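Hi,

Here is the structure I said I'd pass on.

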Amino acid sequence: MTISYHDTVTPAIEEALALLRDCAPILEEFAVWHDGYTDDMFRSETDPYGRPWADLTSATWKKKHKGGSINKKLQWDGTMRASVVSQVSKNSFRHGFADQKAVFHDRGTRKMRRRQLLPDAAQGLPKAVEKELGAIALRWIVRTLN
């Protein structure tokens, strides 16, 4: 009997594709990583692509200092930072904020400069996010096939 490369690889590929019909385990692991990635954005005061958030106005800084708030952009008392929500289903991942003020910061307003919190379609996924999602998926597939 002869076993060719095709004979051994094709079943493994088919098994991997069958496993990917339910991506929830991969996405759950990714959600944990992504929550930390978002927390790092607040720590470094940068958008998903690593660009610094716009400076606060001097009036906002004065208000923050007077009110005893956290001395960081987009953090008064930590509510928005703590409101990160990730939802995973069989084949989808949603990430956002329960704090409704986040949308105004993410998009900006006429009176407030944008401090982006979420990736957008025009810029695509940040490279770090793509890289980590691919690494998690690959690790998961390899673990599952072994």
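Let's start with Phe97, which is buried at a relative accessible area of 15%; buried here means under 20%, exposed over 50% and partly exposed in between, with a 1.4 Å probe and protein chains only. Before you go further: this is a predicted model, where local features need pLDDT of at least 70, side-chain atom pairs count only at pLDDT 80 or more, and totals for chains, interfaces and linings use all residues. Numbering runs from 1 along each chain as its sequence is written, and side-chain values use heavy atoms, leaving out hydrogens and water.

Now the ring pairs. There are five aromatic pairs in the structure (rings of Phe, Tyr and Trp, the last by its six-membered ring, with centres within 6.5 Å; planes under 30 degrees apart are stacked, over 60 edge-to-face, the rest tilted). One of them is Phe42 with Trp53, edge-to-face at 5.4 Å centre to centre and 75 degrees between the planes. Phe42 sits in helix α2 (residues 24–44) and Trp53 in the loop between α2 and α3 (58–67), so this contact ties together parts 11 residues apart in sequence. Helices (H or I, at least four residues) and strands (E, at least two) are DSSP runs numbered from the N terminus.

Phe42 is buried at 0% relative accessibility, and Trp53 is buried too, at 3%. Phe42 also pairs edge-to-face with Phe97, at 6.1 Å centre to centre and 65 degrees between the planes. That pair links distant parts of the chain, 55 residues apart: Phe42 in helix α2 and Phe97 in strand β2 (residues 93–97).

Elsewhere, ring pairs join Phe30, Trp33, Tyr37 and Phe93 into a cluster.

Cheers
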